[in-house]
Amino acid sequence: MARRKKNKNLKGIPAAIMLILALIGGFAERGDLMERMSGEPVQNIADTVATGQMKVTYLNVGQGDCTIIQTEGHNAMIDAGNNHEGKDVVDYLNQQGIDKLDYLILTHPDADHIGGGDDVLENVEVEQVIMPDVANDTMTYEEVMDDIEKENVPVEHPKVGEEFGFGDATFTVLCPETDLVSSDDTNDASVGIKLVHGENSFVMCGDASEKSESAMVKRFGSALECDVLKCGHHGSRTSTSEVFLKATNPTWAVISCGVDNSYGHPHQETLERLNNDDVQVYRTDLLGTIIATSDGTNISWFSEKE
């Protein structure tokens, strides 16, 4: 099925781009996803990311978050799922031939986002951790911070508007605003980014709620426009507000949530807003691991299940 991007202007460049959508079905184990796609064992990054490509993997970690970004010779990861998902996250990184991360972004210190971070830090070389300057009084948080110290990984508390580069991709920090960084509401302390690869762009903002989204719209306005929006807080009604959805104006949205989760994510209100704005939605609870591959102009989609 083919679908065009909405008409929009990204950094002054019009982009009306045809989607090549291919759903790869019937995979029983997500750890075998890329091996089954290629038909051969994955040996290293060059086997899975071609020159000039960027791959964004929304890893199925149940009711949690983990996003892996690969460009040729460079890798980054956003969050690492819950504690019990840590080993599976590491196994997937190994399957992809990823033994080093340029950046490990831990959006905020809630267990469903940083829980597997200690496993990642213990098994993969991490050059830099990016996280908000907010703590959480939990064993999960302490374990991650202990491993950051043990592995001597530098930590940066990013400023809104700060830009980072790796390979032929860049990302800009969208949130949190300083006055929203508080242990009273760790969700609105979430680090959010806009990832850009050629003409393609992705916005991902952890569990940032409408309060943080409004601050982003006030600061960035139409510069928030993107092709792919990862819905905040697993598709909760508290995120993906109408004003934020209008500003980001995505063609596609990804929701990371667990099957039959106790929170009822994604909430119907969120799904209705996306539907009313003609946004194509991909959900990990329905499709398993979801992969978007950018060549700088086109975005191709693959999923673990039909």
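Buried means under 20% relative accessible area, exposed means over 50%, and partly exposed lies in between. Keep these cut-offs at hand for the exercises below, which use a predicted model.

**Exercise 1.** Find the salt-bridge partner of K100 and classify both residues by accessibility.

*Solution.* Start with the contact: K100 pairs with E127, and their closest N and O atoms are 3.3 Å apart. Finally, apply the cut-offs: K100 has a relative accessible area of 32%, so it is partly exposed. E127, at 38%, is partly exposed too.

**Exercise 2.** Work out how D91 and K87 are placed in their helix, and how accessible each is.

*Solution.* D91 and K87 form a salt bridge with closest N and O atoms 3.0 Å apart. Both belong to helix α3 (residues 86-95); because they are four residues apart, about one helical turn separates them. D91 is partly exposed at 34% relative accessibility, whereas K87 reaches 57% and counts as exposed.

**Exercise 3.** Describe the R283 salt bridge and decide whether its residues are buried or exposed.

*Solution.* The partner of R283 is D285, with 2.7 Å between the closest N and O atoms. R283 and D285 are both buried.

**Exercise 4.** Count the disulfides and check C257.

*Solution.* The structure has zero disulfides. For C257, the nearest cysteine sulfur belongs to C231 and is 9.8 Å away, beyond the 2.5 Å cut-off for a disulfide. C257 has 0% relative accessibility, so it counts as buried.

How values were computed. Residues are numbered from 1 along each chain as its sequence is written. This is a predicted model: local features need pLDDT of at least 70, side-chain atom pairs count only at pLDDT 80 or more; totals for chains, interfaces and linings use all residues. Side-chain values use heavy atoms; hydrogens and water are left out. Buried means under 20% relative accessible area, exposed over 50%, partly exposed in between (1.4 Å probe, protein chains only). A salt bridge is a side-chain nitrogen of Lys or Arg within 4 Å of a carboxyl oxygen of Asp or Glu. Helices (H or I, at least four residues) and strands (E, at least two) are DSSP runs, numbered from the N terminus.
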